[in-house]
Amino acid sequence: MDTPRPAAGCDPFVRVLEQRVERWLSSEDGRVMPCAELYRNLPALYRLLLRLALDARLAAPERLCALRTLKYIIAPWDYFPEAVHGTVGYRDDLVLAAMAVEYLAERCPSAVLREHWSEATEPGEVVRAILTASSVLAD
């Protein structure tokens, strides 16, 4: 059974996210912040969550987890709003996305997770790196 993928224009937010993260990483703040390179994973985690939310093979609670996480990432006002804190405001989004993917990885077939992951690294490696660094990211 083919799983629907978001249409090319369906997730323009991910392109905006990529641009903002790259712009911030090349700034002075991005160059000096510990673990800043981990922010580069936020667009990939967003894409993964979007694809999982749309995958009818997953149970409703897992799809709902992905949807709620996406809603938080997109929301303009959250714990660290980007409008106030700039790109550093993505720290809570990054950690929450990693936590959601960790949760989903325990409940979803690993083949489904890998099918929707578009990066060269394993999603588990990315998630572990982010969660390990979460205390540094929170400073």
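The model is a predicted one, and the values given below are computed from its atoms.

**The nonpolar core**

The largest nonpolar core holds 41 residues, of which Tyr-39, Tyr-46, Leu-49, Leu-52, Leu-94 and Ile-130 touch the most other members. Two or more residues of this core come from each of helix H1 (12–25), H3, helix H4 (60–74), helix H6 (91–107), H7 and H8, and the most are given by H3, with 9 residues. In soluble globular proteins, nonpolar side chains tend to be buried together. The surroundings of Leu-94 can be described in detail: once its neighbours within four places in sequence are set aside, Leu-94 is in contact with Leu-38, Tyr-39, Asn-41, Leu-42, Leu-45, Ile-130 and Leu-137.

**Aromatic pairs**

The structure contains 2 aromatic pairs. In one of them, Phe-13 and Tyr-46 are tilted, with 5.3 Å from centre to centre and 55° between the planes; this pair links distant parts of the chain, Phe-13 being in helix H1 and Tyr-46 in helix H3, 33 residues apart. Phe-13 and Tyr-46 are both buried. Trp-24 and Tyr-39 also form a tilted pair, with 4.9 Å from centre to centre and 55° between the planes. Trp-24 lies in helix H1 and Tyr-39 in the loop between helix H2 (28–32) and H3, so this pair ties together parts that are 15 residues apart in sequence. Both Trp-24 and Tyr-39 are buried.

**Salt bridges**

Side chains of opposite charge can pair when their charged atoms come close.

| Salt bridge | N to O distance |
|---|---|
| Arg-47 and Glu-119 | 3.4 Å |
| Arg-57 and Asp-55 | 2.7 Å |
| Glu-106 and Arg-107 | 3.1 Å |

In the salt bridge between Arg-47 and Glu-119, the closest N and O atoms are 3.4 Å apart. Arg-47 lies in helix H3 (residues 42–53) and Glu-119 in the loop between H7 and helix H8 (123–132), so the pair ties together parts that are 72 residues apart in sequence. Arg-47 counts as buried, at 15% relative accessibility, whereas Glu-119, at 32%, counts as partly exposed. Both residues also belong to a network of salt bridges that links Glu-18, Arg-47 and Glu-119.

Arg-57 is partly exposed, with a relative accessible area of 36%, while Asp-55 counts as buried, at 0% relative accessibility. Glu-106 is exposed, its relative accessible area being 59%, and Arg-107 is partly exposed, with a relative accessible area of 39%.

**His-116 and Asp-55**

Asp-55, which meets Arg-57 in a salt bridge, has a further partner in His-116, whose side chain makes a polar contact of 2.7 Å with the side chain of Asp-55. His-116 is placed in helix H7 (residues 110–116) and counts as buried, because its relative accessibility is 1%. Leu-49 is itself one of the residues that touch the most other members of the largest nonpolar core.

Technical notes:
Residues are numbered from 1 along each chain as its sequence is written. This is a predicted model: local features need pLDDT of at least 70, side-chain atom pairs count only at pLDDT 80 or more; totals for chains, interfaces and linings use all residues. Side-chain values use heavy atoms; hydrogens and water are left out. Helices (H or I, at least four residues) and strands (E, at least two) are DSSP runs, numbered from the N terminus. Buried means under 20% relative accessible area, exposed over 50%, partly exposed in between (1.4 Å probe, protein chains only). A polar contact is a pair of N or O atoms within 3.5 Å; within protein, one must be able to donate a hydrogen and the other to accept it, and residues adjacent in sequence count only if both atoms are side-chain atoms. A salt bridge is a side-chain nitrogen of Lys or Arg within 4 Å of a carboxyl oxygen of Asp or Glu. A nonpolar core is a set of buried Ala, Val, Leu, Ile, Met, Phe, Trp, Tyr and Cys residues joined through side-chain atoms within 4.5 Å. Contact means heavy atoms within 4.5 Å. Rings of Phe, Tyr and Trp (its six-membered ring) pair if their centres lie within 6.5 Å; planes under 30 degrees apart count as stacked, over 60 as edge-to-face and the rest as tilted.
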